[in-house]
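Here is a brisk tour of one structure. Keep the sequence and the 3D view side by side as you read.

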Amino acid sequence: MSGEAQARLLRVKEVFSEAAEADAGERAAILDRLCQADSELRREVEALLDLCTEPNLTLDRPLRRHQAGDLLAGRYRLTRFLASGGMGEVYAATDVQTGQDVALKFIRLSPGWHDQASARLSREVRMARQIQHPNVCRVFELEQERDEQFCVMELLDGETLSGRLAARGPFPHSEASAIALQLCDGLEAAHLAGVLHRDLKPGNIFLCGERAVIIDFGLAVAAPGRMEITHSLTSAGAVIGTLAYMAPEQLESGESSPASDVYSLGVVLYEMLTGAPPHEAKSPFRLAAQKARESHSTPRLKVPGLPQVWDEVVGRCLRARPEDRCSRAADVRRLLESGRPSARFVFDRWRRMLTVPIAAILAVALLSLGWNWMERDHQPPAEAVRLYSEAQASLNVAAPWRATGLLEQALQRDPGFLKARASLATVYAELDQIDKARDSVLRATATADSRWYVGRAERQSLDAARAAVMHDYPQAAQQYRRMAMSSIGVERNNALLAMARMQEQAGQFEAAQKVLESTVREDAGNNSTRVRYALLLCRKRDFGQAAKEFEQAAAACESANNPEGLADVLLARATALRTQSVQELSRDLERALELSSKTGNKFQNLSARFRTAALMVRERDYDGAIATARETAHLAAREGMLVAAAQSMGELGYTLVYLKRPVQAIELLQEAVQLAGRGGSAPTLAQNRLRLGEAMGGNNQNDEALREMEPAVQWYRQNGAQDSLPLILIKWGTVLGGTARFEEAPRVFKEALELATRHGDDTYKSMALARLGAYYGQRDLREAAQFFDQAVILARKAGLTGPLLQAALIWIALGDFEKGEALVSEAQRDLATNYRDGPDRQHLNGYARWTRARMALYQGRCDAGLREVTGLPTTHALFPVLRACSNTATDAERRARRVSLEKQLAASPDRFNIARISAEAGALDLQLGDWAAARRHGELGLANATEQKLRLLELDNLLVLRAAAIRQRQSEPARELTARVLQTAARAGFQSPERFNGRQDLLRLWAYGAR
């Protein structure tokens, strides 16, 4: 299994384990919190949760690849569908050669997993065939049907143990004993054959009358000593199985042995007797800690009257250390058969019972010392405290890498130093060392659970670290707020900074800015806070104040000889301060690379490499930038810094979107989305999916864009990103407008307009109005003009040029060429005065020239339009239209253009493009005298334009159809089409429909009917 697949599997298990233990009413909230923008992760977990609720392991709507009556492999006639599980489907069949009833099990092969799944199925058959025992499901053959593999096995008639428990509850101990003895026999037979099950649970135990059968060895591996079958499809250390039934060593390292199966057997026995597993933790961290501490009640406490031998049997199965358990399933059978506990067990029980009264007396005495004493934190050695304090000071001056070393040293002095352990987890998370962060939280949780009390500050630090590492950012922000209220000095400032960071991750940017402003005022020497504050100022586009904050932070680091802090300032400035020149950026990045190499801060070093790649983009070294970014992303992934890789790759990809290089942008942004998903950062995932959708929209892949952007938009809405939400909605609505859901677009734009108005943001208000105008520009020119009139006023205030050119197009389409020319001239003056030379200025200048060319087309001056766009890319859709209608165009050129349009029609899935291309092709048909082709193109274009309610394109195609009808002497259709043309022109916004407000291009089509 690849590292990416393994990380994905672990993430699914992590979310599933928490959601599966919650009440049904709580699951939706848990999935919202843990899955956030990752809709694919949510679907996987929900599918697993559905499986948990089905007594016969079927899904509500199973995917059935075969039907009753199908003959497979030439001998197996399907009789009925049995079940669908996480791996595939199971069918009942009859072997027509022998007449035997059998079960056929398929594996569902996901894309890219064919080899792994086939190998897994082969292994299951090979290993299961070694076990010949009535309490193990018999497997006969491995067969092939086309590209599908399936195994032939014994057909069982009954129900799973999980289904029986769900339907009837716990078993009487006499029934449980009969089943347990059979399970011991089956498991012992498997172990003697050299096979481990590794996923023994009620769902993998079948009850056929009084016979208990162990099924599904799909997760099995060879037991030690049987080298011929030791291959596993999982990497070393991978966690395989079902968390609630797994032994502690499987959770910790992925190692398995016969003792691991014995542990799972103990969990199954406990659940048979009590109706629930022994551990009730709602998170993987706490579950692992409870298993390690053996913190479960005995079965007899939950089931009064249960024979005492069950406490010994279950207790010995559930020991945390493998060497303390029953070493074999046969040992468990012997204990059960004896019917009574061993002498040693009875002696230990009496000893503990005598200890209880004494312990109670001592507890009362301790309680009398007062609750406040119990609230005190653990007191570590003085040297550990000193190292912890130095680490906090390092965090205060933006030196997290140094802080990790100090915290690790503090923990070497005192492994029980809970605050140091929790702080180390949060610093690792900040440095994008997610695996180390989770390990630190797990160790901190185990330390806390091993104590009989935990101090208040320790509890707060652990709760905050756990929430941060689990990406529950709103909860983490609340916990850090509590820490800040109960601490002083540097610790308080660091808690406030952490709270602001969590608020940013949750999209609460206004709240984060207030916290940072206050902290900077209180502690001018806190460089970490100052840098974070400057980054938020850049987000608000207050680059002038941000530059001052960066400069002050850099000076403080220089004077304090803090190279790590200085590298942090330089990187932040290079990332966010848009007013820097190329020379200033290059200087900052070179210095950051040098400093991070000296300090050993890999996070900073990799970040500097990514920013260097972005700088290469600005200098138009695109291939070099992409190669550098990919190389650095692979280094970051190898170091476990997946979020940093995702953020930086996303920035680079989005730069290519800005440079109008969508194909390369899409490629990089797809990698960025994958990295963010593997890193588990919901904000980074949402941001990169939004960017990927924007790039796909720019490449006319609107449906794909929609799928990427929708979960990201939902995440931003849910997490209160109010200041940036208007822009996000504007981008979302733009993509919606190019899909079958186009009618949702104006509602989204109006929502963005309302939010921008509420926040007083003229830039976003102008953009939202311009998008509304562009949407109605193909439907109702008068309504579009009203939106653009407002957009232009705000655009002038906000210094935006794009809306001026968009508005010019609407007035030109309405035939008001004077107003259109005035707006284009104003836009070009703005570009010359207010824009530095670069891609943005070049793009808008090209846009202005294409706008003038379109005006020439509408005025019937095609040759003048061609001169206007001389030197611009000929790939623009307007260029061939101008060329075809110019005075120098030949019929051969027009026919060649028509062939090209036919190819585009055949390949385009977009209704807008089909309507537009059909209208152009129909106009060429008219020029070439091919009336039948004109009619065919007009009908195709009209159908697509009508479907999308694109009235201007309806008008173009109706004019083509009218001209073709008149030329073919179809009088009645021609009269009907004439009426429809005039009606559509009026609805589209033309005040003089029969004259089309002076639009010569439309009058030319109208005149074809009079020739």
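Strand 3 and strand 4 make a hairpin, with five residues between them. In that turn, Gly99 has a positive phi of about 80 degrees. Bear in mind that this is a predicted model. The two strands run antiparallel and are joined by five bridges. Across the pair, Val90 stands opposite Lys105 in strand 4. Strand 3 covers residues 89–95, and five of its seven residues are buried.

Now turn to helix 6, residues 173–192. Its 20 residues should span 28 Å at 1.5 Å a residue. The end C-alpha atoms are 28 Å apart, which agrees. Of the 20 residues, 14 are buried, so helix 6 is largely enclosed by the rest of the structure. Gly194 follows helix 6 and has a positive phi, near 85 degrees.

Next come the cysteines. The structure holds one disulfide. The bond joins Cys862 to Cys885, with 1.8 Å from S to S. The pair links distant parts of the chain, 23 residues apart: Cys862 lies in helix 40 (residues 862–868) and Cys885 in helix 41 (residues 878–885). The angle about the S-S bond is -105 degrees, and the link is left-handed.

What about Cys151? Its sulfur is 8.5 Å from the closest cysteine sulfur, in Cys137, which is too far for a bond. A disulfide needs the sulfur atoms within 2.5 Å.

| Residue | Relative accessible area | State |
|---|---|---|
| Cys862 | 4% | buried |
| Cys885 | 18% | buried |
| Cys151 | 0% | buried |
| Cys557 | 2% | buried |

Cys885, at 18%, counts as buried because the cut-off is under 20%.

Definitions and conventions
Residues are numbered from 1 along each chain as its sequence is written. This is a predicted model: local features need pLDDT of at least 70, side-chain atom pairs count only at pLDDT 80 or more; totals for chains, interfaces and linings use all residues. Side-chain values use heavy atoms; hydrogens and water are left out. Helices (H or I, at least four residues) and strands (E, at least two) are DSSP runs, numbered from the N terminus. The expected span of a helix is 1.5 Å times one less than its number of residues. Buried means under 20% relative accessible area, exposed over 50%, partly exposed in between (1.4 Å probe, protein chains only). Two strands pair if DSSP finds at least two bridges between them.
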